[in-house]
Amino acid sequence: MSEQSPADPALSHVDAEGRARMVDVSAKHDTARTAVAAGALRTTAEVVRLVRADDMPKADVLTTARLAGIAGAKKTSELIPLCHQLALSSVQVRFDFTDDAITIEATAKTKGPTGVEMEALTAVAVAGLTLHDMVKAVDPAAVLTDVRLLTKDGGKRGHWERAAGHHPKAATPQGNTSGTPAEHQPHEGARTAVVVVASTGAAAGTRVDKTGPVLTDWLAGKGFSVRGPLVYADADIAAGLADALTGEPGLVITTGGTGASPTDATPEATLAVLDRQLPGVAEAIRLAGTATFPLAALSRGVAGLAGRSVIVNLPGSPGGVRDGIGVLEPLLDHLLAQVAGGGSHD
């Protein structure tokens, strides 16, 4: 084996003599740290249907897998030899569905001298393996795949985000002439977005969310790096917004929870985190909706700024999302440029 040159990247868990070691983090400062990881269990449409209906022979599939993922994150230092023991402040595991997969996303948080990437990844892996165990009687050929880190925050390096379409074996992406992989380029918050869905039924897996994927596809087509959709029950939307604002994305769009029902709480949760409102944006979305659907006037959605993050509430219907996209399409780039300090027009 050739000797590693000074320009070559170094493996942090291997010393100069090639021996495995535990990294000494005693000199590092404690900071708030967050990591988000994802994966998917590829299976059959029948399994997806059964899990959504909570009709598997081993019942309560998602709850079991969620608890297993949280427990796995807490056991990471016992499972992976060189990981540090961490005092985790939060582990969240969420699931969503495609036609032939159950998707998994885990968020781990701590305050300490080292990151929580491995805890988030372990949560995804253990939750996925538990799903496999729960469905194997119906589909023994199910495959746990695409376990990967999406974002991490905290420490000296700040924010890191996986580039869209990044593959571990990829060389410098086309168009990146700096010689640095795209995921290590400076983060541009104004081109990052998070989609949050407030739906008790979708969070429980009893209904299909038809709004979040529309928004993620639209934003990705506009060149945004998109996280989500993050699906939360109406009662948990405040936690969903806090999760979405991790890493200070340029844009957060919510759907659902904007009506007059006693459980609709998205506007209140949003107002609690806003520094400034953008009332014209919210009114324009309502006007666009009432042009074809008079009941759209009942939407209480708001819009505004939380720091440098723009937050916009949209109704929880496909039509309401289409109306919102129609309003945001011509003004979004200018709005984000203004918030980022790129000038304004009075």
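Colleague: Which strands form the open sheet, and in what order?
Modeller: This is a predicted model, and in it five strands form an open sheet in the order S2-S3-S1-S4-S5. The pairing is antiparallel.

Colleague: Which strands stand at the edges?
Modeller: S2 and S5 (160–161) do. Each has a single partner strand, so one side of each is left without a neighbour in the sheet.

Colleague: How many bridges pair S4 with S5?
Modeller: Two bridges, in the antiparallel sense, and S4 covers residues 143–153. As an example, Thr-151 has Glu-161 in S5 as its bridge partner.

Colleague: OK, helices now. What does H2 touch on the sheet?
Modeller: H2 packs on the sheet and touches S2 and S3. Its direction makes about 145° with that of S2.

Colleague: And which strands does H4 lie across?
Modeller: H4 lies across S1, S2, S3 and S4, and it runs at about 25° to S1.

Colleague: Let's talk about the largest nonpolar core. Which residues touch the most other members?
Modeller: Val-51, Val-93, Phe-95 and Leu-131, out of 30 residues in that core. Strands S1 (31–42), S2 (88–98) and S3 (101–112) each supply at least two residues, and so do helices H1 (45–52), H2 (61–74) and H4 (117–135).

Colleague: Which of those gives the most?
Modeller: H4, with eight residues.

Colleague: New topic: where is Gly-205?
Modeller: Gly-205 is in the loop between helix H5 (200–204) and helix H6 (212–221).

Colleague: Is Gly-205 buried or exposed?
Modeller: Buried: its relative accessible area is 3%, and the cut-off for buried is under 20%. Not counting residues up to four places away in sequence, Gly-205 touches Arg-52 and Phe-97. Gly-205 and Val-51 are 154 residues apart in sequence, yet their C-alpha atoms are 8.0 Å apart in space.

Colleague: What about Ser-225, buried or partly exposed?
Modeller: Ser-225 counts as partly exposed, at 22% relative accessibility. You'll find Ser-225 in strand S7 (residues 225–232). Among the residues that Ser-225 touches are Glu-161, Arg-191 and Thr-192.

Colleague: Let's look at H6. Which of its residues are buried?
Modeller: Gly-212, Leu-215, Thr-216, Trp-218 and Leu-219. They cover an arc of only 165° around the axis, which puts them on the same side of H6.

Colleague: Why can residues three or four places apart point the same way?
Modeller: An α-helix has 3.6 residues a turn, so residues with that spacing point the same way.

Colleague: What do the buried residues of H6 pack against?
Modeller: They pack against strands S6 (192–198), S7, S8 (251–255) and S11 (309–314), plus helix H10 (318–339). The face of H6 turned away from its buried side carries the exposed residues Asp-217 and Gly-221. After H6 comes Gly-223, with a positive phi near 90°.

Colleague: Which residues of H7 are buried?
Modeller: In H7 (residues 237–244), Ile-237, Gly-240, Leu-241, Asp-243 and Ala-244 are buried. Their arc around the axis is only 160°, which puts them on the same side of H7.

Colleague: You mentioned S8. How many of its residues are buried?
Modeller: Five of its five residues are buried. Leu-251, Ile-253 and Thr-255 are on one side of S8, with Val-252 and Thr-254 on the other, and both faces are covered.

Colleague: Which strands does S8 pair with in the parallel sense?
Modeller: S8 pairs with S6 over five bridges, and with S11 over five bridges as well. Val-197 has Thr-255 in S8 as its bridge partner, while Leu-251 has Val-310 in S11.

Colleague: Last one: how many helices and strands are in the protein chain?
Modeller: Ten helices and eleven strands. Of the chain's 346 residues, 43% count as buried.

Technical notes
Residues numbered from 1 in each chain as written. Predicted model: local features only at pLDDT ≥ 70, side-chain atom pairs only at ≥ 80, totals over all residues. Heavy atoms only, no water. Core = buried A, V, L, I, M, F, W, Y, C linked by side-chain atoms within 4.5 Å. Buried < 20%, exposed > 50% of the residue type's maximum accessible area, 1.4 Å probe, protein only. Helix = DSSP H or I, 4+ residues; strand = E, 2+ residues; numbered from the N terminus. Contact = heavy atoms within 4.5 Å. Pairing = 2+ DSSP bridges. Axes fitted to C-alpha atoms, helices over the stretch in contact; angles between N-to-C directions. Arc of directions from axis to C-beta.
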